[in-house]
Amino acid sequence: MRIHSSKSSRKLTGFGAASLMAAVFCASLGTGIFTFTLPLMNLDEKAGGMWLGSGFAGYFLAKLLIAPLSGSYADRKGPLPALVYSCVLGVLLPIPYLLFPEIETLYVIQFVLGLCAGTIRTASMAAIGAGTREGSLPPQFARLSAVMNSSFLVGPLLGGLLYINKDYMPVLSATAAFMGAALILFLFAVDRTPVPRPHEPTARTAKSTLASSLRILLALFGRGVGIGTLIAFYPVLLKSALQLSPGLTAALFCIPSLATVLLLPLFGRLLKNAEHMLITCLGMLISSAALYMAAGCSSLTGFVAAGALSGVGAAVSMPASMTLCANLGNRKGRNLGLANLAANTGFMLGPLLCGTLVTLSGNLATPFRISAIVGAAATLPLMYAGLRKIGLKYAAYAMPSIAAVCLLTVIPAHLTNDSDNSPEMFRYSDVAMGTVVNLTIPGKKESATEKAALEETARQTISLMHNLQKDLDHRNKLGSVGRINHAAGHKSVQVSDKAFETIQHGLDISRKSSGSFDITIGAITTTPFYYALDKSRFEGHRKLINYRLLELDTEKKKVRLPRKGMALDLGGLAKGTVIDAAANYLRQSGVKTAMVEAGGDFMVFGDRVWSIGIRNPRGEGIIGRIEVSNSSVCGSGDYYQFINPVSGGDGHRKHHIFDPALLQSSAECVATTTVAPDAETADALATTVFIMGPEKGKKFMAEFFPECSAMWILPDLSIRTTDNFPHIYKEKRDKAVTPERD
């Protein structure tokens with residue numbers, strides 16, 4: 001872009017625009033490579049989570065602080081100096097690491113990179129705003145946004161390749177190289193001539209501009225809250241609702257960004273002549289609706305639709321909102337810097353709001369819905385101004401007012417906790433095992449000191465659950481199960497005491513069930529999206545699924561899989577193991593009575609009878625409740641990970657509970673619930689009797705687990721139970737559901 005002293009010549013040429021876009025892409029790509037691979041380095045160096053969290057907080061804080069400063073500097077000196085200084089700083093980033101090759105140095109570099117990224121984003125937006133005719137601003141901002149977003153889709157892929165040998169110098173070198181390329185391209189795109197000093201506005205104009213600024217900044221803040229929530233907790237929501245593989249979770253996570261990148265150029269051109277305030281509100285409301293929709297999704301199709309809708313909302317609102325900010329006055333850089341400040345503030349506060357609401361509500365749906373409502377509410381002042389501008393004076397008063405009343409009605413409903421919120425009930429919620437974990441402890445009203453002690457105990461319990469889950473998860477290559485699978489066909493692996501005990505218990509149930517439950521099913525289930533594949537795909541795996549081949553050295557706590565390709569998957573009982581460990585820790589910490597709940601599985605102990613709801617596998621809500629004490633209640637169902645049949649075949653749903661004998665999803669029932677003295681047993685039995693079905697399952701339970709009980713929901717939604725299963729009560733408790741018993 002050539003910025004000259006005469007107003008008529010300060011236009012963005014086609015060559016300058018292309019060079020600017022290419023420069024921003026290179027700079028953003030360099031940043032994306034670094035920020036994606038740093039967590040991998042953190043894991044390899046076994047640095048604590050505090051290092052990683054504080055490093056990223058510093059990165060976003062740097063972007064937040066530098067945005068208004070770099071914008072004002074671009075107004076005074078022109079965009080080029082700010083862009084050049086940032087790129088030169090980026091080129092020099094490898095030098096500190098060469099001198100001090102420590103992970104601490106990388107976090108300092110990350111903070112500096114945040115300053116560079118924040119400056120480049122704001123100054124390049126200022127260059128677009130100052131050098132583009134007003135009517136062409138939306139398409140240009142759309143292209144700029146598409147370039148920034150696309151670079152962060154490519155960056156992680158390239159970063160993973162560069163870090164393949166676990167050497168960080170190739171990553172730093174690539175970051176520096178892309179920053180150098182951006183530097184050269186910026187020199188071609190942007191003139192050195194400073195932007196002419198803007199005229200001072202009149203008092204009336206200044207007041208109007210301030211009001212307009214506050215409206216758009218509030219809307220951007222609201223959108224930032226939603227984006228921050230989405231980035232921080234969307235993977236957890238996906239895994240909690242669908243129990244997907246990491247690869248598929250990542251693919252779903254990328255859908256909003258992919259949709260945004262693809263649609264930005266289209267909407268930037270189609271909507272360039274529309275009222276920017278209303279288009280901004282429309283896009284932000286679409287994004288809020290998508291966030292609200294995602295909170296209630298329970299299927300793969302639903303999340304795909306919600307992600308695509310979120311991308312549509314961003315593609316609609318981003319060009320219009322940037323154009324609004326650029327047109328607030330002559331100080332383009334300052335205005336766009338403040339816009340980035342507002343968005344980044346929301347981006348930082350969104351995860352904090354979501355995390356707090358998880359603790360308060362005990363679920364993930366509530367934080368997503370509240371964040372969506374906050375985003376929608378933040379658009380109301382801008383909506384009012386937009387409607388007045390196009391002459392709809394009455395609608396300007398009516399529509400925002402109606403929306404405000406609706407929001408004030410909806411928010412309290414979502415903030416209400418369904419659990420017992422009496423002063424004598426302590427509840428602590430957090431995220432673990434890819435789902436929300438609730439610790440509920442009844443008792444007398446605690447003093448401030450007692451409550452603080454309980455909160456510390458609860459935090460330690462969640463930390464224990466995190467560590468144990470990592471050790472038992474086959475996806476963690478450094479955990480006990482991951483190391484066993486990696487060494488399959490080669491050598492035995494020494495594992496942790498808890499992992500060895502869990503494997504022993506899983507092997508015992510595998511033997512008793514004659515392989516209906518088989519912990520070596522990992523030869524199939526470690527394949528992403530395995531249940532959607534044709535059974536012929538796994539015919540060659542039959543010889544790899546055989547619990548009898550598993551070798552255990554009880555003295556040395558070593559485990560060996562004798563054939564290459566074999567793999568353990570403890571997913572059928574590991575959640576129960578973690579829940580039991582949490583309950584035991586609470587007991588050892590002096591807690592007499594409590595409930596540990598994780599993703600619909602429960603462990604209760606102490607002097608109290610608890611009412612547990614049983615989920616409806618084919619509809620909303622629950623089918624009824626059972627009452628238990630000093631027991632665990634776990635469930636399995638075909639509604640966690642599944643695809644519905646499209647046409648032909650037997651019409652059965654393909655889901656994640658695999659029958660090892662048939663090499664396909666079990667079709668004996670649609671859901672099971674088991675009650676046992678411990679969660680590990682209840683979890684394993686829920687899977688086992690699901691595969692067996694009620695007839696075989698009842699005989700199995702009577703022979704090997706007479707102290708436990710089970711319930712089956714069949715495809716026709718009829719209910720079968722063992723004779724000792726607790727009564728199932730409807731919600732009103734006035735009439736028991738009468739299941740079929742033998």
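Two strands count as paired if DSSP finds at least two bridges between them. Helices (H or I, at least four residues) and strands (E, at least two) are themselves DSSP runs, numbered from the N terminus. Before we use these ideas, a word on the model: it is predicted, so local features need pLDDT of at least 70 and side-chain atom pairs count only at pLDDT 80 or more, while totals for chains, interfaces and linings use all residues. Residues are numbered from 1 along each chain as its sequence is written, and side-chain values use heavy atoms, with hydrogens and water left out.

Let's start with a hairpin. Strand S8 (residues 610-615) and strand S9 (residues 622-628) run antiparallel and pair over 6 bridges. Serine 611 faces glutamate 627 in S9. Between the two strands of this hairpin lie 6 residues, and glycine 621 takes a positive phi near 75°.

The charged end of arginine 608 sits over the ring of tryptophan 610, 4.7 Å from its centre. To count as sitting over a ring, NZ of Lys or CZ of Arg must be within 6 Å of the ring centre and within 35 degrees of the ring normal. Arginine 587 does this with phenylalanine 605, its charged end being 4.3 Å from the ring centre.

Now for rings that meet other rings. Rings of Phe, Tyr and Trp (its six-membered ring) pair if their centres lie within 6.5 Å; planes under 30 degrees apart count as stacked, over 60 as edge-to-face and the rest as tilted. How many aromatic pairs does a search of the whole structure find? The search finds 6. In one of them, phenylalanine 538 and phenylalanine 658 have ring centres 6.1 Å apart and planes at 85°, so the pair is edge-to-face. This pair links distant parts of the chain, 120 residues apart: phenylalanine 538 is in the loop between helix H19 (522-525) and strand S4 (551-553), and phenylalanine 658 is in strand S13 (residues 658-659).

Phenylalanine 538 is buried at 0%, and phenylalanine 658 is buried at 7%. Phenylalanine 700 and phenylalanine 705 make a tilted pair, because their centres are 5.6 Å apart and their planes are at 55°. Elsewhere, Tyr234, Phe303 and Phe368 form one aromatic cluster.

Next comes a sheet. Here 3 strands form an open, antiparallel sheet in the order S3-S5-S4. Strand S3 (493-494) and S4 stand at the edges with a single partner strand each, so one side of each is left without a neighbour in the sheet. S3 pairs with strand S5 (residues 558-560) over 2 bridges, and valine 493 has valine 559 as its bridge partner in S5.

Last, the cysteines. A disulfide is a covalent bond between the sulfur atoms of two cysteines. Here it is counted when a pair of cysteine sulfur atoms lies within 2.5 Å, and that rule gives 0 disulfides. Cysteine 87 is buried at 0% relative accessible area, and cysteine 116 is buried at 1%.

Conventions: Buried < 20%, exposed > 50% of the residue type's maximum accessible area, 1.4 Å probe, protein only.
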